[in-house]
Amino acid sequence: MENTIDSKKNELRLNQITETILDSYERLGGINHLEGPNLPSKKEVSRLVKSLSTIMFPGFYEEATINKNHPEGYLLAQCSTVLECLTNLLQKSLRHECKDGVTCLRSEGDCWDDAVEIGFRLMENIPMIREVVHQDIKAAFKGDPAASSYFEIVLSYPSVQAILVHRLAHFLEMQKVPFIPRMMSEYLHEKTGIDIHPGAKIGNGFFIDHGTGVVIGSTSIIGNNVKLYQHVTLGALSLTDVDRLRNEQKKRHPTVEDNVTIYAGATILGGKTVIGSGSVIGGNVWLTRSVPPDTTVTFDSPYLIFKQKDKVEKHVIDYQI
Amino acid sequence: MENTIDSKKNELRLNQITETILDSYERLGGINHLEGPNLPSKKEVSRLVKSLSTIMFPGFYEEATINKNHPEGYLLAQCSTVLECLTNLLQKSLRHECKDGVTCLRSEGDCWDDAVEIGFRLMENIPMIREVVHQDIKAAFKGDPAASSYFEIVLSYPSVQAILVHRLAHFLEMQKVPFIPRMMSEYLHEKTGIDIHPGAKIGNGFFIDHGTGVVIGSTSIIGNNVKLYQHVTLGALSLTDVDRLRNEQKKRHPTVEDNVTIYAGATILGGKTVIGSGSVIGGNVWLTRSVPPDTTVTFDSPYLIFKQKDKVEKHVIDYQI
Amino acid sequence: MENTIDSKKNELRLNQITETILDSYERLGGINHLEGPNLPSKKEVSRLVKSLSTIMFPGFYEEATINKNHPEGYLLAQCSTVLECLTNLLQKSLRHECKDGVTCLRSEGDCWDDAVEIGFRLMENIPMIREVVHQDIKAAFKGDPAASSYFEIVLSYPSVQAILVHRLAHFLEMQKVPFIPRMMSEYLHEKTGIDIHPGAKIGNGFFIDHGTGVVIGSTSIIGNNVKLYQHVTLGALSLTDVDRLRNEQKKRHPTVEDNVTIYAGATILGGKTVIGSGSVIGGNVWLTRSVPPDTTVTFDSPYLIFKQKDKVEKHVIDYQI
C-alpha cells in the first residue's frame, strides 16, 4: 500500500487525538499503569488457562510431545514455568483488594508470599482435580450415545473443557483470589458458551450436553451425577437491592441435589429453590419453587396448533422427553 | 513424521486438484484477488478490534505497559499505527460498493481520501466513546451483585466487550462504511455469543447480563439504562418480501424506551413494537405488540406438573422474577 | 518482575508436584504419548480448518494474496501443504479405533495408505463443496434483508462458516475417520455457537440466521432450502439405554424435509419425527410428533398478562411470526 497519512496537517490532528485520549484516561481511569501496579491482562490469563490445561491433558491441546522414557524432566520444566506465570498473575491480582467497587492496594511483599503459597497449592491440587475431571469424562461417556471414546470426549466436548477450567477457577475463588477466577470462567464462556461463575460448587460426575447458553450463578450448589442440557439457567430471582446483596453474599442461586437431569432451556431461580435428588426437570420449565426428590416436572401440556390450507388441528404437547 | 506423499502418481493427482479448484474460483468467484482489489480479511479486522480495544483500556487486553511518566510518546505511536491499519482497511472496504447484492468498484483516489477522513473521525471520537462505555460499566456494577469492582467488569464482563465494540462499529456504520462494521460485530458475536447488528442504536448505561444468545437486529432502537439478560431477541417479524425490505431499509426491529428490563429468553419482534419506559418484560415472554410505560408483562401463569410414583400435582408457575 | 521462586524448599515442593502429576498420568491416563502414538491436538485441527477455509475462500480469512496472473503455483504449494498436514492428522486418527469406549491401535502402514487416500479424496471434493456452499451463500442472501452482498455474507455470516466446515467434516465422517470430524465441528461450535454434529445430513441452500445456540444432532436429516433461526434444537428423546443406542447407531434425531422454516427457540425431538416439506414451525414450539407437509405449527395462543399500577389486562400472544 503506497498511500500514507503523514502530511503536516494530519500530524497535528493525530497529536490532538493523543492528547484528548490521555485526558480521558486521567478523567475516567481505565488505564492500567496510571492507577498503580498492573492488573492481569486477558491475554495472560488465557495463556495461563492453556498451560494448565496442557498439564492436565498433555498433548491434547498443544502439540507438545513428551519423551516417553523420561517425562519427569519435561514435566518439571513445564510445571516450573506455569508456576512462575501463575504466581506473577496472582501477585498482580492480590495487590488489588476490592471494597464496595473501589480498589485498594496491598503491599507488594505480603502479596508475593501469598501468591507463592496459593500458586503452589493449586499445582499440588492438580492430581486431585484430574481425578475429579476423570469422573466428569466418565459421566459424559455414560450420558451421550454419540460419544465413541473417552479420547473423543477430552478432545472435543465443550463440557469437559468447561468443567476442567471451572474446577481450577473455583479452587482460586475459594482462596479469595480477586479477578483471575472470573477471568478464567469468562475465557471459557467465550470458548464454549457455558457461563459458570467460579463461585459455584459442583459435585462429581458432572456433564453438560451441547452447553451453549448454560448459565450457573455464583452461589449455586450442585450435587453428584447431575446432567444439564443446553440453555439451562440456574439463576437469581429479581434483584431489588443490588448493593445489599453484594455485601451480604447471600445465597441467591438454586441447589440441585444428586442424580438430577435438567433438560434444555429450563430456568431455575432463587436461593431457596432446591431440586430434590433423582428429579427430572423437563425442557423449558420455569421453576421458582423447590421440587421434592424423585419428581418429574413438566409443563401442564399446552396445545399446539397445526394449520393447513383447509383445516386446523389441536395437539397436546408431550413435554416428557 | 517420516512418511511423505510425493510419488509421481500423487504429484499428478495434486496438479489436477489445483486445476479444478482454480476452475471453481473462475466459475463461482469467492477469491479475493481475481475479482479486483482485496477486501479486508477476517484476520485484519480482528487485529483492528484488538488494537482499538487496547487504546480504549490500555493493558487490560494485551500486556503492553506504558511508561508512567511519559505516556504521550507511546500512545502517539500506538494511535498512529492503529490509524494506518484502520485507514487501509477502510479504503479496501470503501472501494466495494454494494448494490442489489452486486459489488461495484470505486476509484482508488476517492476512497483513500474518504478512508483517511473516516479513520481520523473514529479516532477523534474515542474519548467520547470511552465516556459512554464508562456509563455502561457503571450500569453493569449497578446491575450485578456478583460484580466486585469496575476493574473486574472491564476485565471479565462480555457485556462490556460487546458494547465497546458495538459503539465503535456503529460509528463506522453511520459513516456508511461497508463490510467492516458487520465484521467487527461478528468478531464480537464469536467471542461473546452476543449478536448486535452495527446498525442498532443503543442509549447510555446499557448492560447485558451473561449475554449468550442475545440478538439485537439492525433497526432496533434502545433507550438509556436498559438491562437485558441472556437469550433476549429483539427481532423482525416474518419476512414476506426480503428484496423489498432490503432496499427500503424499513424499521423491522423493536424500540425499547428508557429504564426497561428484559429477562432471559424473552422474544420481542416487529418494527412497530415499542416497549414503554420503565416496563419489565418477564422471562420467555413472546411479544409482537407494544407495551405501555411502567408495565410488567408476564405469561398468564400456566401450570407445572409435578409427577411422583404415587401422585401428580399441579402448581402455578410464577413468571415474575 | 524481580521476584522469583527458586529457593531450596520450593524446589523440593515442585519436584513432589511433578511426581504426583506423573503418578496421576499413569493411573488415570489422559496423556498422549504414554499410551501410544499421539492423537491429533486441538491446535492442529484448528490450523487445518483455517487452511482448508483459506483454500475455499482465498484472502477472506487470512491476508494471503495470490499473484493475479499465475495463481497456479501458489495454489499448488498451498494444496500440497494442506494435504501433508491433513494426511498426518488422518493417520494419527486412523490408528485409534474406538470400540465400546476403548481405543485399539491399528498398524502404522495400513493407516498411512488410508490417510493418503482419504486426504486426496477430501481435496478432490473441494470444488464440489464450494459449489454447495455457493448455494448456501445464495440462501443467506435470499433469507436476510440485512445482507447487502455475497461478499458480506462470506466475510461475516457465522452460518456460512459453520456450514462450510460442516460439509468438510461430514465428508470425513462418511469416510469413518475418528476424532477429526467431531473436533472440526467443535472448533466451529466454539466460534459460532452453532453445534452441528458431523454426522448430520444437510441438503443444499441451508441457512441459519444468527445461529447462537443451534443444536443439530448426529442422525438428523435436513432437506433442501431449509432455514433455521437461533436456539433451534434438532435433538433426541430421552435416553433410556445409552450403551445400546451407541452400538445400534439408531436414528435418534428428526428429519426436516425441503423448504421448511423453523423459528427461534423451537425444539424438535425424536428419530421418527418428520417435518413435512414446506412447513413452518413457530418460535419456542416443542415438537415430538411429525408434522404433515405445508403445515404451520404454533402454540395455542396463551395469554400474556400486562400489569400496571391500577389495572391488569390479558392479551393473546400471536406466535405467528
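Mentor: A crossing is left-handed if the near helix is turned anticlockwise from the far one by less than a right angle, and right-handed if clockwise. Helices (H or I, at least four residues) and strands (E, at least two) are DSSP runs, numbered from the N terminus. This is a predicted model, where local features need pLDDT of at least 70, side-chain atom pairs count only at pLDDT 80 or more, and totals for chains, interfaces and linings use all residues. Residues are numbered from 1 along each chain as its sequence is written, while chains are lettered from A and ligands numbered from 1 in the order in which they are written.

Trainee: What is the handedness of the crossing of H5(C) and H7(C)?

Mentor: H5 spans residues 126-143 of chain C, and H7 spans residues 158-174. Their axes lie 10 Å apart, at about 155° (lines fitted to C-alpha atoms over the stretch in contact; angles run from 0 to 180 degrees between N-to-C directions). That angle makes the pair roughly antiparallel (over 145 degrees; under 35 is roughly parallel, 65 to 115 roughly perpendicular, the rest oblique). The crossing is right-handed.

Trainee: How many nonpolar residues does the contact of H5(C) with H7(C) have?

Mentor: Contact needs C-beta atoms, placed from the backbone, within 7 Å. Among the residues making it are Ile129(C) and Val133(C) of H5(C), and Ile163(C) and Leu164(C) of H7(C). Ala, Val, Leu, Ile, Met, Phe, Trp, Tyr, Cys and Pro count as nonpolar, Asp, Glu, Lys and Arg as charged, and the others, Gly among them, as polar. One polar and two charged residues take part, and the nonpolar ones number nine.

Trainee: How is H3(A) oriented to H4(A)?

Mentor: H3 covers residues 71-94 of chain A, and H4 covers residues 108-124. Their axes come within 8 Å and cross at roughly 135°. The crossing is right-handed. The angle therefore makes H3(A) to H4(A) oblique.

Trainee: Which element gives the largest share of the side of chain C that touches chain A?

Mentor: The contact takes 66 residues from chain C and 70 from chain A. By class, the chain C side has 26 nonpolar, 27 polar and 13 charged residues. The largest share, 11 residues, comes from H1(C).

Trainee: Which residue in E7(B) is the bridge partner of Ile202(B)?

Mentor: Four strands of chain B form an open parallel sheet, ordered E4-E7-E10-E13. E4 (201-202) is one of the edge strands, pairing on one side only. E4(B) and E7(B) pair over two bridges (DSSP must find at least two). The partner is Ile222(B).

Conventions. Two residues are in contact if their C-beta atoms, placed from the backbone, lie within 7 Å.
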